[in-house]
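Visitor: I am new to this structure and would like a close look at a single part of it. Could you take me through that part slowly, with its surroundings?

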Amino acid sequence: MVGRFNVRPGTGEADWSIWDNAANGLRGSGLHEAEAHRQAAELELQYDAHGYRPAETYQKVDPPKHVQAWQPAGVLVAWVREGGEWLGQVRDDDGRYHWVPGDELREAKDRP
């Protein structure tokens with residue numbers, strides 16, 4: 001279940017939290033926005049809707065690669081296989097993470 005973890009804003013700069021949709025509870029709080037997004041992205045790689053994600057269903061990209069979809073997407077940091085489809089975990093310039101179907105991603109030719 002990609003999208004199990006959501007980042008939620010709080011009332012201050014270091015008051016962002018991570019919500020676990022499967023467990024219906026907080027997974028982290030008191031975080032700066034960028035750190036909350038980073039931690040939520042890591043949790044997405046570790047867990048699916050049922051618990052720990054099987055090792056054969058994800059793969060980190062090392063080093064991360066700049067990619068584009070129908071528009072520049074960002075930096076590809078990992079792959080996850082769900083529902084028979086590979087999804088790319090892409091970090092944008094603002095540090096937010098998005099899931100893009102693998103068949104929509106292409107390596108960005110204008111970026112290293």
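Guide: In this predicted model, 3 strands form an open sheet in the order β1-β2-β3, with antiparallel pairing, where strands are DSSP runs of E with at least two residues, numbered from the N terminus, and two strands pair if DSSP finds at least two bridges between them. β1 and β3 are the edge strands, each pairing on one side only. Residues are numbered from 1 along each chain as its sequence is written. Local features need pLDDT of at least 70, side-chain atom pairs count only at pLDDT 80 or more, totals for chains, interfaces and linings use all residues, and side-chain values use heavy atoms, with hydrogens and water left out.

On one side, β1 (residues 5-8) is joined to β2 by 4 bridges, antiparallel; here F5 has D20 as its bridge partner, while R8 is partnered by S17. The hairpin of β2 and β3 has 4 residues between the strands, and in it N24 takes a positive phi near 55 degrees.

In a regular strand the side chains alternate between the two faces of the sheet. In β2, W16, I18 and D20 point one way, S17 and W19 the other, and all are buried, meaning under 20% relative accessible area with a 1.4 Å probe, protein chains only.

Key:
Buried < 20%, exposed > 50% of the residue type's maximum accessible area, 1.4 Å probe, protein only.
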